[in-house]
Amino acid sequence: MSSTPVDFDPLVDEAPSRYVVGIDLGTTNSALTYVDTEKSPWTVEVFAAPQVVAAGEVEARETLPSFHYQATLNEAEQGALRLPWLKENPTYAVGVFARDQGTAAPGRMIASAKSWLSHTGVDRTARLLPWHGAAEIERLSPVEVSSRYLAHLRAAWDQRFPAHPLADQEIVLTLPASFDEVARELTIEAAAQAGLRRVVLIEEPQAAFYAWVWRHKTDWEQHVEPGQKILVCDIGGGTSDFTLIRVRKSSEVSAAGHKVQFHRVAVGEHLILGGDNLDLALAKYLEAKLTQQGKLEPRQWDVLVRSCRSAKEMILADDGPEETTVNLPGAGSRLIGGGLTAHLTREEGRQVLLDGFFPLTRLDDRPQTRASGFQEFGLPYASDAAVTRYLAVFLQAHRHSGLDDQESTGDTDPARPDIVLFNGGVLESSAVRRRLLESLNRWFAPADDPDWAPQVLENPRLDLAVAQGAAYYGMVRRGEGVRIAASLARSYYIGVESDPPCAVCLLPGNAEPGQTIDLPEPTFELMVSQPVEFPLYTSSTRLTDAPGQVAPIDFDQMKPLPPIRTVLQTRSKKERGPLEVALHAGLTEIGALDLWCTEKDGDRRWRLQFDVRSATQTDRAAHESAAEAEGVVDEASWEQCMELLDRTFSPGGTDAPEGLVKRLEKALERNRKDWPTSLLRRIWEALIERDAGRRRSATHEARWLNLLGYCLRPGYGLAVDDWRVAETWRNVQGKLAHGAAICRTESLILWRRISGGLSTGQQQAVAEPLLAPVRNLSRRLAGGPARGDLAFSPHESHEVWRLLGSLELLATPMKIELGDMIIAMFGKKKLQPARAAMVWALGRLGQRTPLYGPLNTVTPSEKAGVWLERLMDAPGEDPIDLFAAMQMARRTDDRYRDLAEPLRAEVLEYLQRRQAPAHFVDLVRSGGSLDLEEQGKVFGESLPKGLRISS
C-alpha cells in the first residue's frame with residue numbers, strides 16, 4: 001500500500017439535524033433509537049424496524065437480529081424476502097427471518113460478523129463469510145455484512161421519515177471498548193458503505209452507563225458519591241468488555257447543578273468470549289452424549305449449535321423448564337426419519353454454563369493459555385472460557401487506574417468496585433448476574449462484613465440500553481445531559497531498533513478526543529518511493545507513560561497491532577533519496593487513531609494507514625519466519641552482485657543471461673538455496689530497477705522473470721512483501737516484452753511462486769485466460785464440441801496446471817470445476833507427459849490444510865473424497881499420487897474439513913499398500929505438520945531459507 005501527500009482541512013460544521021440517532025451494531029442483535037430534538041422535553045425513543053419474520057411476512061420489531069441469510073433461488077423468485085421499500089425481489093434477508101431460517105439452513109447464514117470485524121488474523125475486508133457456507137453461496141466480507149445491517153436500518157428509517165433521511169441525521173454508532181484501531185476504522189467504513197456519513201463512535205460500556213443516567217435523569221446523583229468506582233460488565237453475544245468509571249467531586253457545580261463528574265479510566269483487553277461461546281459449549285456437551293464421544297456430521301452440528309441458542313436462554317431463565325429437548329435431522333441421506341433427539345436437564349445445562357464460564361475462582365487466578373477448543377469456526381476465541389478469571393485480572397491490573405493522589409481507599413482493596421452495572425444479552429440471566437456478584441463478594445468482602453456486595457445499577461432493557469445510551473450521548477454532544485470524561489484509556493507505541501527491543505510512546509493513555517501529540521524525537525530517515533514498516537503496540541495497563549518515553553517491549557503489557565506500512569510518494573516522480581520525518585499522533589473526534597509523518601525541513605505530510613491484510617490465516621499465524629533475523633550479506637559481496645546484474649541487464653551489458661545465477665552463486669560463495677531472504681528481496685529490488693534490461697531479448701526476459709519470482713517467493717514472509725508483489729504485478733501483468741514460449745512459461749512460474757501474495761482479484765485475473773483452453777481441451781477429450789487445442793507448448797502445459805493448482809483464493813466452484821476436469825483427463829494417454837503436474841494440482845485443489853489461504857478456501861470434503869476415490873482407482877505407480885492422496889485425506893480434527901472416517905480408512909490402506917512414506921500415513925491417521933521437504937513439495941520447490949509455513 002502507499003501513502004500520498006494529503007491536506008488536513010478542518011472539519012466543516014453542518015447544521016444540527018432534527019434527529020439524533022443511536023445505533024447499537026451488535027453481535028447478536030442490533031437496535032436503533034432516536035431523539036426528536038423538536039420535542040420538549042425530549043426523550044429517547046425506540047425505532048421498531050420492519051423486517052421479514054417469515055416467508056412473505058413483514059413485521060416491525062424493536063431489535064434487528066444480526067444475521068444474514070442468502071435466499072434459495074425459489075425463495076428469491078417467489079418474493080419471500082420482499083420488503084415494502086424494495087421494487088425488486090431481494091436475494092438476501094437480515095433480521096428475524098435470517099436468524100430463524102438460518103438455523104435450519106446454516107450453510108446459507110452469516111452470524112457473528114462483528115466478531116469477524118475484530119479478527120486480527122484475517123483480511124477483514126476479504127469476502128470470507130459464511131465461513132462454512134455452501135459452495136454456491138455468495139461470500140461477503142465482515143465489513144459488507146455489517147454494512148447490510150446498517151443499510152436495512154437506513155431504508156426502514158427513510159420509509160418512516162422520508163423528509164429526514166437517516167443519512168442527514170447525526171448518528172452515534174456503538175462498538176466494544178476493546179475494539180482495536182483497525183476494527184474501529186472498519187466500523188466507520190461499514191457505515192460509509194451504508195450511506196451513513198455523519199457518524200461518531202462511542203464504546204458500548206459507556207453507552208450502557210449513559211442509558212442508566214438517562215433513565216435516572218432526575219435522581220442519579222442520589223445513587224453515586226465521589227470516590228466510588230463503577231464497574232461496567234458487558235457480556236454480549238460475541239465479546240466480554242470491562243470498563244471502570246470513577247466518580248469524582250466536581251471542581252465547580254455544573255449549569256444543571258451537578259456536583260460530581262464521571263471519569264472513564266480503564267478498559268479491558270479484547271475478548272471474543274460471549275453468548276456464542278456458551279452456545280458452542282452446550283452443543284459440544286450434547287454432541288458427546290449423542291455420539292458416545294464421537295462427532296456429528298457438519299450439517300447436524302450446525303443445527304445443534306443454532307438450536308442451543310434458545311436452549312441456553314431457557315436453561316438460564318429463572319422460570320425455565322426442568323428439561324429441554326433439541327431435535328436434529330438424520331445423518332447422511334436419511335433426511336426423513338433417523339433424526340436424533342438430545343435431552344438436556346436444567347441442572348446439566350447450568351453446570352456447563354455457570355461452572356464452565358463463571359466459575360468461583362480466587363482473585364489471583366489467571367486465565368489458562370491453551371488454544372480454544374473451537375478452532376474450526378475460524379474466530380480467535382479466548383483461550384480460557386472463564387469470564388471470571390479475566391475479570392479478576394482486569395480488576396487487579398487497574399486497581400490504581402485513575403486514582404488521584406488526594407483520593408484514598410482506606411483499608412479497602414483499591415481493586416474493589418463499589419458499584420456494578422450489567423449489560424449485554426448474557427447478563428439478561430439473573431443466574432449469571434448472581435454468580436458474578438458472588439465472585440466479587442468472595443474476592444473483596446471484608447472479614448467484618450462477609451455479606452458485602454457492590455451496589456447494582458439497574459437497566460431494565462439490556463437489549464436496548466446501548467442504543468439508548470448512544471442517542472443520549474448524541475444529546476450530550478449538543479450540551480445537554482451528563483458527560484462522562486473519557487480519556488483514551490490505552491497507550492500507543494512505535495517500535496524502534498534497539499537491544500533489547502524497545503518502543504516509544506506515541507499517544508498516552510490520558511489523551512482525549514481532538515488532542516494531537518507531536519513527537520519530534522526520534523526522527524526517521526525514510527527513502528522516497530521505498531517501502532517502510534512501523535511496528536505498533538498498544539497497552540491498556542501502561543497508562544502513565546509520557547509521549548516520547550522509551551519502554552522495553554513487554555508482551556504481557558503491550559499487544560502488537562497490525563503494522564503501519566507505507567511508501568512515501570511525492571508529486572515529483574524524479575525525486576529520490578532519503579527524507580527526515582517526524583511522527584504525529586492524534587485521537588479524532590470520532591475516537592479513531594490518526595497518524596501521520598511530516599518532513600523535518602519542509603511542509604509535506606503523509607498519512608499513515610494500518611495494513612489490514614497483515615495476516616492471511618485464521619486460528620494460527622500465517623507463517624513462522626526467521627527471515628528478518630538472518631542478517632544480510634556484506635556490502636562488498638553485494639556490490640559484486642550489482643555489477644553482475646548490470647553486466648547482464650544494462651543497455652551495454654556484455655554478459656549472457658543464461659549463466660547469471662551461477663555467476664551470482666560464485667560471487668556470494670553460497671548456493672542460491674542458502675541465500676538469505678533479505679538478499680533475495682534486495683536482488684528483487686535491483687531487478688525491478690533494471691526492468692528495461694529484460695526487453696533486450698526473449699532470453700533476457702526469461703532469465704529476468706525467473707530470477708524475479710525466485711527472489712520474491714512465496715509472495716509474503718518479509719515486511720512490505722505486499723508492496724513488492726503489487727510492484728511486480730504493475731510491471732509484469734499483461735506486459736511481456738516478448739511473445740516467445742519461454743517467456744510465457746517463465747511468467748507462469750513467476751505467478752505460481754508468488755501466488756501467496758496475490759489478492760483474490762489478481763488470482764482470478766491470472767486464472768481466467770488459462771481456463772478457456774483448459775475447458776476446450778476437456779470438451780475435446782470428452783468427445784464434445786471444442787474450438788481449439790490447449791494453446792500451450794508441452795512445458796507450458798505443465799506450468800499451467802501447477803499455477804492453477806496453486807491459486808488458493810479462487811472461488812470454490814472454479815476449484816471444483818478444475819478438479820473435475822483433472823479427474824476426467826489425467827488418465828488420457830495424450831496427457832501422460834503432464835500427468836504428474838495435473839495430479840500435483842489436484843492435491844493442492846483438494847488439500848485439507850491450505851498453504852497460505854484462509855481455511856474457508858478449502859474445497860468441500862465431499863468433493864475431495866470423490867477425487868480421492870478416482871485417484872486411488874487409477875492405474876500407475878507415480879509417487880505424486882501418494883502425495884496428493886495424503887494432502888486430500890490429511891487429518892485436521894475440523895469436522896468441516898476432514899473426510900468421513902470410512903474413506904479415511906480406505907486411504908490409509910491405499911497408502912500402506914503402495915508403501916507410502918510413514919509420515920504420510922501418520923498425517924492421514926493422526927494429523928500433524930509437514931516437514932520441510934514436504935512443505936517444498938506442496939509449494940512446488942524449496943522455500944526461502946528462514947521461512948517455514950505453518951502447515
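Okay, let's start at two helices: the axes of α25 (residues 901-913) and α26 (residues 918-925) come within 10 Å and cross at roughly 175°. Before I go on, this is a predicted model, where local features need pLDDT of at least 70, side-chain atom pairs count only at pLDDT 80 or more, and totals for chains, interfaces and linings use all residues. Residues are numbered from 1 along each chain as its sequence is written, and side-chain values use heavy atoms, with hydrogens and water left out.

A quick word on terms. Helices (H or I, at least four residues) and strands (E, at least two) are DSSP runs, numbered from the N terminus. Axes are lines fitted to C-alpha atoms, for helices over the stretch in contact, and angles run from 0 to 180 degrees between N-to-C directions.

Back to that pair. α25 and α26 are roughly antiparallel to each other; the cut-offs are under 35 degrees for roughly parallel, over 145 for roughly antiparallel, 65 to 115 for roughly perpendicular, and oblique for the rest. Who touches whom? On the α25 side we have R904, V907, L908, L911 and Q912, and they meet F920, V921, V924 and R925 in α26. Contact here means heavy atoms within 4.5 Å. By class, the residues in this contact split into six nonpolar, one polar and two charged. For the classes, Ala, Val, Leu, Ile, Met, Phe, Trp, Tyr, Cys and Pro count as nonpolar, Asp, Glu, Lys and Arg as charged, and the others, Gly among them, as polar.

α22 (residues 835-846) and α24 (residues 879-889) pack at an angle of about 10°, with axes 8 Å apart. That makes α22 and α24 roughly parallel to each other. From α22, the contact uses R835, A836, V839, W840, L842, G843, R844 and G846, and from α24 it uses I880, D881, A884, Q887 and M888. The class count for this contact is seven nonpolar, three polar and three charged residues.

One more helix stop, at Q762, which sits in α19 (residues 760-781). Is Q762 buried or exposed? At 16% relative accessibility, Q762 counts as buried. The cut-offs are under 20% relative accessible area for buried, over 50% for exposed and partly exposed in between, with a 1.4 Å probe and protein chains only. Leaving aside residues up to four places away in sequence, Q762 touches W729 and G757.

On to strands. β14 (residues 260-267) is mostly covered, with seven of its eight residues buried. β13 (residues 240-249) runs antiparallel to β14 and is joined to it by seven bridges; for two strands to pair, DSSP has to find at least two bridges between them. In that pairing, T243 stands opposite V267 in β14. β14 is also joined to β19 (residues 484-486), this time parallel, by three bridges. There, H263 stands opposite A485 in β19.

Next, β24 (residues 536-539). In a regular strand the side chains alternate between the two faces of the sheet. Which residues of β24 are buried on each side? L536 and T538 are buried on one side, and Y537 and S539 on the other, so both faces of β24 are covered. β20 (residues 491-496) pairs with β24 in the antiparallel sense over four bridges, and I494 stands opposite L536 in β24. Two bridges also join β24 to β26 (residues 559-560), again antiparallel, with Y537 opposite P560 in β26.

There's also an open sheet of four strands, in the order β22-β28-β29-β30, with antiparallel pairing. Its edge strands are β22 (516-527) and β30 (605-608), each pairing on one side only. The twist averages 30° from one strand to the next. Within that sheet, β29 (residues 593-599) and β30 are joined by four bridges, and C597 stands opposite W606 in β30.

Last, the overview. The protein chain has 27 helices and 32 strands. Buried residues make up 57% of its 951 residues. And among contacts between residues at least 6 apart in sequence, 70% join residues at least 24 apart.
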